[in-house]
Amino acid sequence: MRGRAVATGAGPRVRVQDEPTFGGALVAGKVVGDGNGDGRQRRGEEGVPGAKVYIDTGSYAVTDRTGKYHLSQIDPGVHLLKLDVASVPPGRRSSSKAEIR
């Protein structure tokens, strides 16, 4: 049985800028079941709950029921994010494509 793809990328990089109003930077995103493997969320492709997303500082977040996550109090600069494929629920597989917006 082949599972639905989860867009993970090979370590997407994000640039984090300080947010002085709230005292720290925030990274927010979504892990999606990428059914057609194009690296983008399309109609009918749902978020993946319970997946762990790590940042190069060693911190991680667990996606909510809609696949969304956030990491707070991140130092400004360029950071690497990585999906813990072992934490992806059964029936899903990883894809090499990812989109960072």
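The model is predicted, so local features need pLDDT of at least 70 and side-chain atom pairs count only at pLDDT 80 or more, while totals for chains, interfaces and linings use all residues. Residues are numbered from 1 along each chain as its sequence is written, and side-chain values use heavy atoms, leaving out hydrogens and water.

**Exercise 1.** State how many helices and strands the protein has, and what share of its residues is buried.

Solution. Start with the elements: the protein has eight strands and zero helices (DSSP runs numbered from the N terminus: H or I of at least four residues for helices, E of at least two for strands). Read from the N terminus, the order is β-β-β-β-β-β-β-β. Then take burial: of the 101 residues, 35% are buried. Last, look at contacts (heavy atoms within 4.5 Å): among those between residues at least 6 apart in sequence, 66% join residues at least 24 apart.

**Exercise 2.** Describe the aromatic pair of the structure and the charge that sits over one of its rings.

Solution. The structure holds one aromatic pair (Phe, Tyr or Trp rings, the six-membered one for Trp, with centres within 6.5 Å; planes under 30 degrees apart are stacked, over 60 edge-to-face, the rest tilted). The ring centres of Y54 and Y60 are 5.0 Å apart and the planes stand at 40°, so this pair is tilted. Y60, with a relative accessible area of 42%, is partly exposed. The charged end of K52 sits over the ring of Y60, at 4.9 Å from the ring centre (NZ of Lys or CZ of Arg within 6 Å of the centre and within 35 degrees of the ring normal).

**Exercise 3.** Find which elements supply the largest nonpolar core.

Solution. This core has 14 residues, and those touching the most other members are V31, Y69, L71, I74, L81 and L83 (a nonpolar core is a set of buried Ala, Val, Leu, Ile, Met, Phe, Trp, Tyr and Cys residues joined through side-chain atoms within 4.5 Å). Two or more residues each come from strand 3 (25-30), strand 4 (52-55), strand 6 (68-74) and strand 7. Strand 6 gives the largest share, three residues.

**Exercise 4.** Decide whether A61 is buried or exposed, and list what it touches.

Solution. First locate A61: it lies in strand 5 (residues 60-62). Its relative accessible area is 8%, so A61 is buried. Leaving out residues up to four places away in sequence, A61 touches A51, K52, V53, Y69, H70 and L71. A61 and G50 are eleven residues apart along the chain, and 9.3 Å separates their C-alpha atoms.

Key: Buried < 20%, exposed > 50% of the residue type's maximum accessible area, 1.4 Å probe, protein only.
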